[in-house]
Amino acid sequence: MSVHSPQTRITTRRLQEMRASRTPIACLTAYDAGFAAVLDAAGVDVVLVGDSLGMVVQGLETTVPVTLEHMIYHTSLAARGTRRALLMADMPFMSYASPEQALANAARLIQEGGAQMVKLEGDGAQEAVVASLSRHGIPVCAHLGLRPQYIHKLGGYRVQGRDSHAAERMIHDAVALQNAGADLLLLECVPALLAAEIRGMVDIPVIGIGAGVECDGQILVLQDVLGMTARPPRFTKDFLAEAGSIRGAVEAYVSAVRERRFPGPEHGFSA
Ligand code: KIV
């Protein structure tokens with residue numbers, strides 16, 4: 001099912017309307033023109049050029065070594081494949097440590113890469129960065145919950161916000177980043193009830209990955225959807241196994257998200 005004519009580019013305003021009408025937003029990652037075009041044609045609303053490319057394209061152990069140049073390059077490839085989907089690009093590790101640095105680097109992702117939105121792994125400490133980007137007309141997605149760029153500090157990829165202190169902090173950060181100007185919130189590996197509570201506290205669309213079905217939209221890494229990951233995380237699903245073709249798998253994912261058949265309870269986490 002498509003909510004638009006193919007030529008209409010999805011905008012932040014459209015995402016806001018989808019939240020208001022409770023139309024789930026289907027998002028996936030892509031890192032080149034070919035796959036981005038398949039996603040675009042299959043009705044994916046937001047294509048993310050994630051810094052997950054470090055792991056699924058470059059074969060690295062973490063996303064930490066990914067550079068701004070890598071992100072600009074892959075974003076520019078994906079930009080050639082998208083016509084309808086909103087193209088979002090990750091700001092890599094240490095590319096947004098100050099508002100000035102974030103502004104210069106986000107501008108490159110937009111101007112040279114062709115992104116329409118940038119994503120950063122934030123908490124309340126990134127309020128000034130988000131405010132500055134927003135003031136300069138750069139749409140921002142704030143990524144809360146499990147933040148893979150913090151892996152060396154976290155010491156492992158774990159569900160976040162399970163204790164009441166961490167949950168309260170995440171709620172506080174979500175509201176603060178929205179008030180600073182974030183247009184979208186992404187919650188990774190967060191108990192489903194907490195994600196639903198955060199959704200109720202903000203007005204902007206909330207996209208989940210391992211955050212339950214109550215979010216306004218869902219995102220997965222494309223390689224997980226295509227069954228290419230050796231040890232896939234619990235919150236993913238191999239859609240290629242049943243669909244039989246890449247285009248079919250992506251269409252099956254979009255339908256499952258739109259109809260709230262994905263994620264199921266087995267893909268989520270409790271507190
Ligand atoms: O880098 C990425 O692909 C991401 C998704 C997992 C949301 O941030």
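Predicted model: local features only at pLDDT ≥ 70, side-chain atom pairs only at ≥ 80, totals over all residues.
Local features were taken only at pLDDT of at least 70 and side-chain atom pairs only at pLDDT 80 or more, whereas totals for chains, interfaces and linings use all residues. Residues are numbered from 1 along each chain as its sequence is written, and side-chain values use heavy atoms, with hydrogens and water left out.

An unreviewed UniProt entry places a "binding site" feature at Asp51, Ser52, Asp90 and Lys119. UniProt positions are in the numbering used here, feature names are shortened, and annotations may be inferred rather than shown by experiment. The four residues span 69 residues in sequence, yet no two of their C-alpha atoms are more than 12.4 Å apart, so they gather at one spot. Asp51, Ser52, Asp90 and Lys119 also belong to the lining of the largest pocket. Pockets were found on a 1 Å grid over the protein atoms alone, as open sets of points where a 1.4 Å probe fits, with protein on both sides within 12 Å along at least five of seven lines; lining residues have an atom within 4 Å of a point.

Ser52 sits in the loop between β2 (46–49) and α3 (53–56). Helices (H or I, at least four residues) and strands (E, at least two) are DSSP runs, numbered from the N terminus. Ser52 is buried, at 15% relative accessible area. Buried means under 20% relative accessible area, exposed over 50%, and partly exposed in between (1.4 Å probe, protein chains only). Beyond its neighbours within four places in sequence, Ser52 is in contact with Thr29, Tyr31, Val57, Thr63 and Val221. Contact here means heavy atoms within 4.5 Å. The side chains of Ser52 and Tyr31 form a polar contact of 2.7 Å. A polar contact is a pair of N or O atoms within 3.5 Å; within protein, one must be able to donate a hydrogen and the other to accept it, and residues adjacent in sequence count only if both atoms are side-chain atoms.

Lys119 lies in strand β4 (residues 117–121). Its relative accessible area is 3%, so Lys119 is buried. Setting aside neighbours within four places in sequence, its contacts are Leu48, Met88, Ala89, Asp90, Met91, Cys141, His143 and Leu186. One of these partners, Asp90, is joined to Lys119 by a side-chain polar contact of 2.8 Å. Asp90 itself is in strand β3 (residues 86–90) and is buried at 2% relative accessibility. Among the contacts of Asp90 outside four places in sequence are Leu48, Val49, Gly50, Asp51 and Lys119.

Glu121 is also found in strand β4. Glu121 is buried, with a relative accessible area of 1%. Its contacts, neighbours within four places in sequence excluded, include Asp51, Tyr96, His143 and Arg147.

The residues around the ligand are Thr29, Leu48, Gly50, Asp51, Ser52, Asp90, Lys119, His143, Leu186, Ile209, Ile219 and Val221. A ligand oxygen atom is 3.1 Å from a side-chain N or O atom of Asp51. For Ser52, the corresponding distance from a ligand oxygen atom is 2.5 Å. For Lys119, it is 2.8 Å. Taken alone the ligand exposes 260 Å², and the protein buries 94% of that. Accessible areas come from the Shrake-Rupley method with a 1.4 Å probe; for residues, only the protein chains shown count as cover.

The "active site" annotation from UniProt (unreviewed entry) covers Glu188. Glu188 is in strand β6 (residues 184–188). With a relative accessible area of 11%, Glu188 is buried. Apart from residues up to four places away in sequence, Glu188 touches His143, Leu144, Gly145, Leu146, Pro148 and Ile209.

Two further residues were examined. Arg199, in helix α9 (residues 192–201), is buried at 15% relative accessible area. Ala37, in helix α2 (residues 33–41), is partly exposed at 32%. Ala37 and Gly137 are 100 residues apart in sequence and 26 Å apart in space, C-alpha to C-alpha.

Definitions and conventions. Near = heavy atom within 4 Å.
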